[in-house]
Amino acid sequence: MPTPFPPRDGLHRHAGDGWVECGDHRHWGLYGAAGLLLARRDTAGAVTDVVLQHRALWSDQGGTWGVPGGALDPSEDAVAGALRETREEAGVDPADVVVRATHVLDHGPWAYTTVVGEVAPGASVTPSATDPESLEVRWVPLAELGSLPLLPAFAAALPRLLTMLDGAAAAAGGAAAEDGAAEDGAAEESA
């Protein structure tokens with residue numbers, strides 16, 4: 001059963017805020033949650049960096065790194081929610097993002113969707129922490145990912161998410177692909 005989460009000063013409030021009980025744990029977002037894994041590429045087309053959020057210490061699994069994201073509003077789809085949350089938490093304009101794919105971790109009463117995207121051609125994205133949910137938000141070089149304390153569910157999903165970005169490059173801008181229920185431990189468990 002959903003339980004409301006007490007508000008914290010300075011945080012964005014949404015109709016979907018609250019916890020959903022799921023077996024022996026709970027998830028943030030009455031209507032599910034979503035986040036954006038945003039990548040940038042070098043001139044040869046290889047992914048070099050991704051935008052990550054260093055989660056505030058008071059948050060669930062605080063101190064770890066993951067993607068900006070959060071609870072979906074009742075009438076919001078996962079892509080719109082991920083882009084909205086990324087604007088709120090990282091200052092990234094949705095117009096500067098090309099969505100390439102989605103990856104869904106489905107727990108029945110609750111789901112988390114990682115939206116996989118990249119910087120739009122000609123856009124310049126400088127992410128930063130724009131609310132108190134983050135200690136830091138920045139471009140992280142792929143080579144640095146192994147040295148950061150990643151959110152465990154994000155760490156488990158990261159190889160699959162990066163493969164999806166590689167597939168997007170191979171498809172040369174093909175439409176977003178839907179990757180169904182969690183095949184590999186999936187995306188973030190809490191937003």
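Guide: Start at R41, which counts as partly exposed at 21% relative accessibility; the class boundaries are under 20% relative accessible area for buried and over 50% for exposed, with partly exposed in between (1.4 Å probe, protein chains only). This is a predicted model, in which local features need a pLDDT of at least 70 and side-chain atom pairs count only at pLDDT 80 or more, while totals for chains, interfaces and linings use all residues. Residues are numbered from 1 along each chain as its sequence is written, and side-chain values use heavy atoms, with hydrogens and water left out.

R41 forms a salt bridge with E118, and the closest N and O atoms are 3.1 Å apart. The term stands for a side-chain nitrogen of Lys or Arg within 4 Å of a carboxyl oxygen of Asp or Glu. R41 sits in strand β3 (residues 33-41) and E118 in strand β8 (residues 111-119), so this pair ties together parts that are 77 residues apart in sequence. Helices (H or I, at least four residues) and strands (E, at least two) are DSSP runs, numbered from the N terminus.

E118 is buried, with a relative accessible area of 11%. R100 also meets E118 in a salt bridge, at 3.2 Å from N to O. This pair too links distant parts of the chain, as R100 is in strand β7 (residues 97-106), 18 residues from E118 in strand β8. R100 is buried, with a relative accessible area of 14%.

R138 is partly exposed at 22% relative accessible area, and E136 is partly exposed at 32%. Elsewhere, salt bridges that share partners join D73, E76, R84, E85 and E88 into one network. A search of the whole structure finds 10 salt bridges.

L135 lies in strand β9 (residues 134-141) and is partly exposed, with a relative accessible area of 46%. Apart from neighbours within four places in sequence, L135 is in contact (heavy atoms within 4.5 Å) with H54, R55, A56 and L57. The C-alpha atoms of L135 and T64 are 9.8 Å apart, although 71 residues separate the two along the chain.

Now the nonpolar side. A nonpolar core here is a set of buried Ala, Val, Leu, Ile, Met, Phe, Trp, Tyr and Cys residues joined through side-chain atoms within 4.5 Å. The largest core has 22 residues, and L37, V50, L52, L150, F154 and L161 touch the most other members. Strands β3, β4 (47-55) and β8 and helix α2 (152-170) each give two or more residues to this core. Helix α2 supplies the largest share, 6 residues. Beyond four places in sequence, L52 touches residues including L37, E136, R138, L150 and F154. A second, separate core of 16 residues includes L38, L72, A90 and V92.

T86 belongs to helix α1 (residues 78-90) and is buried, with a relative accessible area of 2%. Leaving out residues up to four places away, T86 touches L36, P68, G91 and V92.

For the chain overall, there are 2 helices and 10 strands, in the order β-β-β-β-β-β-α-β-β-β-α-β from the N terminus. Of the 191 residues, 49% are buried. Among contacts with a separation of 6 or more, 67% join residues 24 or more positions apart.

Finally, the confidence. The average pLDDT, the predictor's confidence in each residue from 0 to 100, is 80, and 70% of the residues score at least 70. Residues 1-11 have a pLDDT below 50, and this stretch has 19 contacts in the model beyond near neighbours in sequence. Residues 172-191 also stay under 50, with 72 contacts beyond four places in sequence.
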